[in-house]
Amino acid sequence: MNTLRAGIIGLGKMGLSHAAIVGAQPHVDLVAICDTSAIVTNAFKKYGRATIYSNHRKMLRRENLDFVVIATPTKLHYEMVREALERGVHVFCEKPFSLNSAEGQELVQLAQRKGLVNQLGYHNHFIGTFQEMKRLLATGVIGELVHFSGEAYGPVVTKEKGGTWRSRSSEGGGCLFDYASHVLNLLQEVVGRPVKVNGSLLKQIYSKGVEDAVYTLLTLENGVTGTLLVNWSDETYRKMSTSLTVQGKKGKIVCDATELKVYLKEANTAEGLEAGWTVKWITDLAIPVGYYLRGEEYSAQIEYFIANVRRQEPGTINTFEQGLYTDKVIEMILDHAA
Amino acid sequence: MQHNNSLDRVLFGDNQFFGVNHASDDKSRAQAMRFKDDQSIIRVLDQAIDLGVRTFMCTTHDRIANICDHLRANPLRYSEFKVYPCMPYAHKYANAVTELGIMGTINQYVPGSFLGTFAKGGMAVVRSDYSKLMQILIDAEMKMFHGINTPVIFIQNVLVDMILGLGMFEVFRDYDDYIRTKYGAEPGYITMNMPDLYDALESVGIVNPIICASINKSGFRMSGGIERNELYLREKTFRPIAMQVLAAGTLRPREAFAYLAQFPRIESVLFGSGSKQHIAENIELIQQCLLVPQEA
């Protein structure tokens with residue numbers, strides 16, 4: 001097996017996590033990293049092996065990379081992704097994809113034209129419980145769908161302060177771009193694509209300039225309506241907790257990253273589900289990974305991406321096109337709230 | 001120093017006190033409610049002690065500082081009691097990094113005046129002297145354990161596994177040296193990637209390390225595959241502590257602990273529970289399964 005040459009642009013929390021995961025993959029050499037923070041790059045200089053850049057263009061020009069992971073603030077995605085694709089480099093980019101859908105559209109087309117693997121970091125798609133929920137919904141176990149609720153809560157901003165790009169909406173800060181994008185993307189792939197916003201509340205709780213909570217009523221392409229409830233200023237949650245609930249005429253599914261709970265009015269023998277509640281746990285549904293950091297999903301998404309790079313064939317999970325659709329829904333919510 | 005070298009069979013963990021549950025967010029929330037006040041934690045700790053537990057393995061969560069105050073205030077009651085700190089409490093830092101960035105987080109969590117800490121060198125020192133920075137952060141985390149017997153000091157898996165993935169193995173060497181010289185304690189490593197970590201530690205000359213890893217019958221969180229993990233448990237020289245033996249509560253205790261019996265090198269089992277009955281049952285099962293005598 002030939003060794004792939006990898007690079008990473010942006011070494012914040014997600015970038016460092018990706019660097020560790022990429023570095024641990026067999027037959028992958030993390031040859032270059034790019035960041036402007038001296039405290040981070042000096043650590044790589046002292047302890048690491050990769051060549052360090054502060055300019056991503058220089059890195060792309062010199063390193064002849066097979067793939068690059070881009071984990072910079074959202075406003076930088078467009079330019080960096082475009083330049084990588086133009087050089088024929090496969091791209092894994094953190095979410096959300098772009099700050100405006102026209103730019104996102106251009107990147108989707110460029111990746112398609114070049115036939116390059118393109119993937120975003122909506123990692124919930126690599127959590128076994130949500131994968132199982134998607135499968136069960138596709139088999140129709142709960143009958144005709146009547147309502148959904150997509151939710152996420154967590155303790156990101158719990159005090160009044162600000163100052164980084166995350167407190168500037170124009171740069172992709174705020175709960176809508178950061179937290180809600182995860183739920184929207186999960187919802188669109190597991191239940192259906194939102195096509196209409198029926199009402200939105202964007203609430204500031206502690207932040208100045210950006211929203212800390214997003215509550216919105218959505219209609220999906222399949223006609224189902226429901227709610228999106230997201231709040232990143234809720235310290236009753238220890239960490240980000242994402243869940244999907246879907247009610248159908250024959251039952252209900254409640255799913256989060258640890259448990260999948262199915263309630264059926266009548267037993268479904270084909271699926272081995274009894275009437276009443278059945279609970280499936282992540283301990284049985286987790287995707288086994290070669291190297292673990294913070295959750296199987298973070299490694300599983302990189303393993304999937306690398307497998308596609310080796311095949312030279314774009315994947316079907318977390319494509320740029322899917323991320324672009326999420327960006328469009330975010331725009332719809334912003335327009336509606338304006 | 002002999003007493004520093006042996007680990008208790010049973011190590012009592014703290015996940016249940018802080019709403020950490022790997023199989024259910026609902027249970028996690030119920031636990032967070034039940035252990036809202038420190039007295040409820042102390043009550044369970046005391047029950048565990050009465051059942052024979054002598055070691056509490058805990059994160060450097062803010063609330064552990066209150067538990068440490070209680071231990072210090074009752075020296076007779078806890079004279080035999082040991083604490084194995086596991087640092088850092090990662091979510092504290094992870095949430096801060098999302099909001100404040102890496103420098104902002106260091107500024108927030110390094111105690112006292114940050115620039116004062118480094119006197120003349122200031123930020124320039126931070127940007128280049130990582131050993132020093134690590135030492136300051138370790139000292140900050142260890143402050144709450146002042147006066148308490150902490151014979152083993154662990155780094156949490158998030159940090160261990162990140163350093164491992166980044167290939168920065170010399171950091172382990174620095175950590176190992178500092179824990180031994182400054183605290184006279186044995187360094188320990190928590191990981192979800194035991195075989196790779198073993199190889200990494202060996203490569204920087206760390207021999208016979210204490211490694212706390214997922215070891216369970218269903219292979220849950222035994223990265224790299226259960227076979228390779230089992231091979232290392234049989235053939236490599238290290239001091240394994242088994243955690244997640246019950247695979248987040250999805251295995252029956254009897255069969256779960258029985259699985260460990262085939263690996264005589266396992267020195268200790270880490271588990272947490274808020275139920276007196278479960279604690280008693282687990283202790284009994286652990287004593288049965290780990291039959292090889294410990295070094296005195």
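Predicted model: local features only at pLDDT ≥ 70, side-chain atom pairs only at ≥ 80, totals over all residues.
Chain A is divided by the domain assignment into two parts, each made of two segments: domain 1 covers 4–123 + 293–315, and domain 2 covers 125–287 + 325–337. The C-alpha centres of domain 1 and domain 2 of chain A are 26 Å apart. Contact between these domains of chain A involves 16 residues of domain 1 and 17 residues of domain 2. On the side of domain 1 of chain A that touches domain 2, helices α5 (101–114) and α9 (296–311) of chain A each provide at least two residues. The largest share of that side, four residues, is supplied by α9(A). By class, the side of domain 1 of chain A that touches domain 2 has six nonpolar, six polar and four charged residues.

One sheet of chain A is open and has six strands in the order β3-β2-β1-β4-β5-β6, with parallel pairing. Its edges are formed by β3 (51–53) and β6 (118–120) of chain A, each of which pairs on one side only. On average, and with direction ignored, neighbouring strands of this sheet are turned by 20 degrees against each other. Within the sheet, strand β1 (residues 4–9) of chain A runs parallel to strand β2 (residues 28–34) of chain A, and six bridges join the two. Leu4(A) is placed opposite Val28(A) of β2(A). Helix α4 (residues 77–86) of chain A packs on this sheet, where α4 touches β1, β4 (67–70) and β5 (90–93) of chain A. The direction of helix α4 of chain A makes about 160 degrees with that of β5(A).

A further open sheet of chain A has eight strands, ordered β8-β9-β10-β7-β11-β12-β13-β14, and its pairing is mixed. The edge strands, β8 (194–203) and β14 (276–281) of chain A, each pair on one side only. Strands β9 (residues 213–220) and β10 (residues 225–231) of chain A run antiparallel and are joined by seven bridges. Ala213(A) has Asn231(A) of β10(A) as its bridge partner. Helix α7 (residues 175–190) of chain A packs on the sheet and touches β7 (145–153), β8, β9, β10 and β11 (241–248) of chain A. The direction of helix α7 of chain A makes about 150 degrees with that of β7(A).

Between the chains, 38 residues of chain A are in contact with 39 residues of chain B. The elements of chain A that give two or more residues to its side of this contact are α1 (13–24), α2 (38–47) and α8 (282–285). The side of chain A that touches chain B comprises 19 nonpolar, 10 polar and nine charged residues.

Two helix pairs were examined in chain B. Helix α8 (residues 130–142) and helix α10 (residues 170–183) of chain B pack at an angle of about 50 degrees, and their axes are 11 Å apart. At this angle α8(B) is therefore oblique to α10(B). The crossing of α8(B) past α10(B) is right-handed. Ser131(B), Met134(B), Gln135(B), Ile138(B) and Met142(B) of α8(B) meet Asp174(B), Tyr175(B), Tyr178(B) and Tyr183(B) of α10(B). The residues of this contact of α8(B) with α10(B) are six nonpolar, two polar and one charged.

For helix α13 (residues 253–260) and helix α14 (residues 276–289) of chain B, the packing angle is about 30 degrees and the axes are 8 Å apart. This angle is under 35 degrees, so α13(B) is roughly parallel to α14(B). The crossing of α13(B) past α14(B) is right-handed. Pro253(B), Arg254(B), Phe257(B), Ala258(B) and Leu260(B) of α13(B) meet Glu281(B), Asn282(B), Leu285(B), Ile286(B) and Cys289(B) of α14(B). Seven nonpolar, one polar and two charged residues make up the contact of α13(B) with α14(B).

Most residues other than glycine have a negative phi, and most peptide bonds are trans. His27(A), which is not a glycine, has a positive phi of about 60 degrees; His27(A) lies in the loop between α1 and β2 of chain A. The peptide bond joining Lys95(A) and Pro96(A) is cis, with omega about -15 degrees, and Pro96(A) is in the loop between β5 and α5 of chain A. In chain B, the bond from Met87(B) to Pro88(B) is cis, with omega near -10 degrees. Pro88(B) lies in the loop between β3 (82–87) and α5 (90–109) of chain B.

Conventions:
Residues numbered from 1 in each chain as written. Chains lettered and ligands numbered in written order. Axes fitted to C-alpha atoms, helices over the stretch in contact; angles between N-to-C directions. Parallel < 35°, antiparallel > 145°, perpendicular 65-115°, else oblique. Left-handed = near helix turned anticlockwise from the far one by under 90°. Contact = placed C-beta atoms within 7 Å. Nonpolar A, V, L, I, M, F, W, Y, C, P; charged D, E, K, R; others polar. Pairing = 2+ DSSP bridges. Domains from an automatic or database assignment.
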